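Colleague: I'm new to reading protein models. Could you walk me through a few features?

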Amino acid sequence: MTEKQLEYGLKSLNEEFGEDRVNKAINAIEKFKVEVPSWVFGEFGGGRFGGYMPPGFARDINEKLDDAAFVNKLTGAVEGIATHILWDYSLDGLTGSFEIARQVANEANKRGLKLGSINPTYFLKGSHRGSLSAEESNTREKYVEQTILSVKIAGELANGIVAIWVPDGSNYPGQIELKKAYNNTKQSLKEVASEIVKINKNSNKKVKALIEYKVFEPGTYSTVLSDWGSAYLIAKEFDGNAGVLIDMGHHHHSTNVEQIVARLLNEGIYGGFHFNTRYAADDDHAVEPNPEMARIFYELISGGGIFGKNNWALMIDQCSSREKRIPAILHSIDSLQLSLAKAMLVDQKLLSAYQKNDEIILANRVFNNAIMNADVRPIVAKARLNKSLSLDPVKEYSKSGYQEKIELLRAEELIVQFPQY
Ligand code: PSV
Ligand code: MN
């Protein structure tokens, strides 16, 4: 978008939606921040195509931090970097280390970044028969221990959020006892909950757990925490220190995800959202500016989950195997900003007047006029201009030379994790 197009576009948006609403939308884009995951930059999502990884992928946590810092430089929109215990704070992929986490937190700070949500890793070696739900108590204990370590890292070194996704489940009816798997998980997480209560008693920074659900994968018949109801039942065991984590890609097709957002906000249940796009199966794709995303933002805005007192933890959760990772995450941030701008343009007053009068089609049209029909690119561009950023971060990235640099530098043999520590 050229500056001339921007000017022209803003003029027409002002005429249609009013200067006040347009200015509020620009302001919202300037303020909007989202967490990015460390794993989007690194080695994950491969395993097929002969282990193909997009060129220039980060080989260790420091390179992931470099990439996240560059994304922040181009967008000014990175809230922090989410990390996974066994991917980012482990030498053997089996146990996490507080000491490594401390060093990573320092490295992050040096690059102008903060550590965001801390994710226990329950899906590596040793958890094929379940982690927190496992039949064997020593397996469960091992993962409880890892979760408590995550809680400590979250409280002392990061933003206080522990994001718990349990990959346990089954592929066949009869494979596991559904009630027992759930009860084991609940029992395991109760141990974590009492640890959080203890920690929060003695600290100003309150740790919160977010319980993430997923209807399928890796389990194809059942997952132990399959829906927001199950996640909420677990969260209730945390004495007010937990909420529900919604991941866009973790639902059956045509689930009304924005209604789940609305429901949780309405009930005052704390929440988080993992943004991505999903087609036939699984998540992990870059965010696109589709209407569903804009409707989710509408619910977040009108329910006070963003720019309010009880802001939700917002993160992009993506990592697909084919595309180059940095332009992919820049594309996601751009898509989120466009979706947010659309949601900001909805005329809420007119909408409720139409709703009151049962003007079904008029209500739908006024809603979609913003959510579907408005070209909000000038709003996002103006916000970038106000922050002295490039109007198009994806193009700016292509011109920057960063991709060429990392492709050259990182083409050498994979380095061992943390050789410098
Ligand atoms: C699981 O699919 C998930 O959405 C969880 O948030 C994990 O932490 C992340 O993806 C990476 O596996
Ligand atoms: Mn997720």
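Predicted model: local features only at pLDDT ≥ 70, side-chain atom pairs only at ≥ 80, totals over all residues.

Colleague: Which residues coordinate the manganese ion (ligand 2)?

Modeller: Start with what a donor is: an N, O or S atom within 2.8 Å of the metal (3.2 Å for Na, K and Ca); water is not among the atoms, so sites may look incomplete. Here Glu212 (OE), Asp247 (OD), His274 (ND1) and Asp317 (OD) coordinate the manganese ion (ligand 2), at 2.1 to 2.2 Å. Along the sequence, the spacing of these donor residues reads E-x34-D-x26-H-x42-D. Helices (H or I, at least four residues) and strands (E, at least two) are DSSP runs, numbered from the N terminus.

Colleague: Why is the arrangement around the manganese ion (ligand 2) called octahedral?

Modeller: Ideal angles for six octahedral donors are 90 or 180 degrees. In practice, six donors count as octahedral if opposite donors are over 155 degrees apart and all others between 65 and 115. The six donor atoms around the manganese ion (ligand 2) subtend angles of 72 to 169°, so the arrangement is octahedral.

Colleague: Are Asp247 and Asp317 buried or exposed?

Modeller: Buried means under 20% relative accessible area, exposed over 50%, and partly exposed in between (1.4 Å probe, protein chains only). Asp247 is buried at 0%, and Asp317 is buried at 9%.

Colleague: What about helix packing? How do helix 3 and helix 11 pack?

Modeller: Two packed helices are described by the angle between their axes and the distance between the axes. Axes are lines fitted to C-alpha atoms, for helices over the stretch in contact, and angles run from 0 to 180 degrees between N-to-C directions. Helix 3 (residues 61-75) packs against helix 11 at about 40°, with the axes 11 Å apart. Angles under 35 degrees count as roughly parallel, over 145 as roughly antiparallel, 65 to 115 as roughly perpendicular and the rest as oblique, so helix 3 and helix 11 are oblique to each other. Asp67, Val71, Leu74 and Thr75 in helix 3 meet Ile326, Ile329, Leu330 and Ile333 in helix 11; contact means heavy atoms within 4.5 Å.

Colleague: And at what angle do helix 9 and helix 10 cross?

Modeller: Helix 9 (residues 257-266) and helix 10 (residues 291-302) cross at roughly 10°, and their axes come within 9 Å. That makes the two helices roughly parallel. Among the residues of helix 9 at this meeting are Val257 and Leu265, with Glu292 and Leu300 among those of helix 10.

Colleague: Last one, the backbone: which peptide bond is cis, with omega near 0°?

Modeller: Most residues other than glycine have a negative phi, and most peptide bonds are trans. In this model, the bond from Glu217 to Pro218 is cis. Glu217 also has a positive phi, near 75°, and lies in the loop between strand 6 and strand 7. With a relative accessible area of 29%, Glu217 is partly exposed. Phe307 has a positive phi too, about 55°; its place is in the loop between helix 10 and strand 10.

Definitions and conventions
Residues numbered from 1 in each chain as written. Chains lettered and ligands numbered in written order. Heavy atoms only, no water. Tetrahedral: all angles 85-135°; square planar, octahedral: opposite > 155°, others 65-115°.
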